[in-house]
Amino acid sequence: MTVDGGPVVHGYPHLETVRAAVTALYKRLSYDTVHSFEASVAPADVAFGDQDDLHLGAQRVAREMVRHLHLPDARMIVGFREMQHAASVELAAGPEYFIELNDRFRTHRRDIGAALAHEVMHVYLHRLDLSFPGTRDNEILTDTATTYLGAGWLLLDAYREDGASSQKLGYLTPEEFGYVLAKRALAFGEAPETWFTSAQAYTAYTKGLAQARRDEQQPPLTAAGWAGRRRYAKDRRYAREHGAAGRGGATANGGAGAYSFSDDGDGSGGRGALRVTFPCPTCHQRIRVPVRGRMRVRCTLCRTVLECDT
């Protein structure tokens with residue numbers, strides 16, 4: 001895990017990878033397992049005051065992360081040393097795993113929970129044999145999984161920035177952490193706004209929530225705005241008149257709202273029934289349905305029921 005001391009990058013530069021990570025979680029874990037994490041880590045369970053013993057407190061918080069991630073047979077041994085990164089974990093066969101935290105956490109104890117959440121998630125994903133190629137994408141997967149499975153709000157809360165200094169843990173930007181946390185809040189019915197101790201983290205969450213809600217307002221979903229519906233109707237008409245293959249795929253919003261048309265032709269040049277493919281706003285798996293007006297669609301991966309006007 002990295003810790004930044006310089007200017008903090010903002011926005012959504014990793015959004016495509018973040019969405020792929022959410023899809024990967026649902027595919028690898030299943031709907032039922034994902035929803036076994038319906039309760040996030042409680043602030044009181046990871047509270048760490050300056051008066052607490054450093055090593056005993058770190059071990060206590062590590063045990064809470066192990067409990068939260070349903071790893072009863074894993075033991076985390078936490079130590080501190082001077083290092084470039086915020087933390088690291090040795091991914092051995094287990095059941096013991098050695099986590100090292102940057103010495104700076106000796107005096108920044110309230111952020112120990114955030115660092116441990118990320119490192120214990122590395123263990124969880126290692127046991128699942130779930131990873132993305134490359135260090136950058138794999139760290140984004142870890143940040144996303146930590147947040148979506150209920151412990152990553154601590155990572156966002158560790159973000160602080162003022163005129164003299166800044167701190168951010170993890171690879172995601174503050175807004176991307178807010179986005180994933182908002183996706184979780186919408187899927188699980190949570191309201192994490194009251195958990196933040198950092199004003200900047202709260203602001204990043206509200207921005208991420210707005211981005212997450214935009215995912216739910218893209219055509220062919222009925223919640224799409226007037227402009228989106230108008231664009232969709234134009235693209236649908238073009239696909240019908242000129243053939244979906246000739247269109248090359250109509251897209252909108254360059255990502256979460258991207259839809260494309262295809263047909264069920266027999267391969268000999270004849271046109272079949274027109275279909276539209278679009279991403280589920282919850283898990284981002286792509287859904288393919290016939291173009292035939294208003295319908296209710298159920299995502300087979302995350303079981304979200306979607307109101308559509310195709």
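I began with strand S8 (residues 274-279) and found that five bridges join S8 to strand S9 (residues 286-290), the two running antiparallel. For the naming I kept to DSSP runs, numbered from the N terminus, with helices (H or I) of at least four residues and strands (E) of at least two; I took two strands as paired if DSSP finds at least two bridges between them.

I note that this is a predicted model, in which local features need pLDDT of at least 70 and side-chain atom pairs count only at pLDDT 80 or more, while totals for chains, interfaces and linings use all residues. Residues are numbered from 1 along each chain as its sequence is written, and side-chain values use heavy atoms, with hydrogens and water left out.

**Around S8**

On pairing with strand S7 (residues 260-263), I recorded four bridges in the antiparallel sense, with Asp 263 standing opposite Leu 274 in S8.

**The three-stranded sheet**

I then turned to an open sheet of three strands, which has the order S2-S4-S3 and mixed pairing. Strand S2 (75-81) and strand S3 (87-89) stand at the edges, each with a single partner strand, so one side of each lacks a neighbour in the sheet. The twist averages 20 degrees from one strand to the next; for angles, axes are lines fitted to C-alpha atoms, for helices over the stretch in contact, and values run from 0 to 180 degrees between N-to-C directions. S2 and strand S4 (residues 96-102) pair in the parallel sense over seven bridges, and I found Arg 75 opposite Glu 96 in S4. Helix H4 (residues 112-128) packs on this sheet, touching S2, S3 and S4, and its direction makes about 145 degrees with that of S4; contact here means heavy atoms within 4.5 Å.

**Helices H5 and H7**

Last, I looked at helix H5 (residues 135-148) and helix H7 (residues 174-188), which pack at an angle of about 35 degrees with their axes 9 Å apart. The residues making the contact include Asp 143 and Tyr 148 of H5 and Phe 177 and Arg 184 of H7.

Conventions: Buried < 20%, exposed > 50% of the residue type's maximum accessible area, 1.4 Å probe, protein only.
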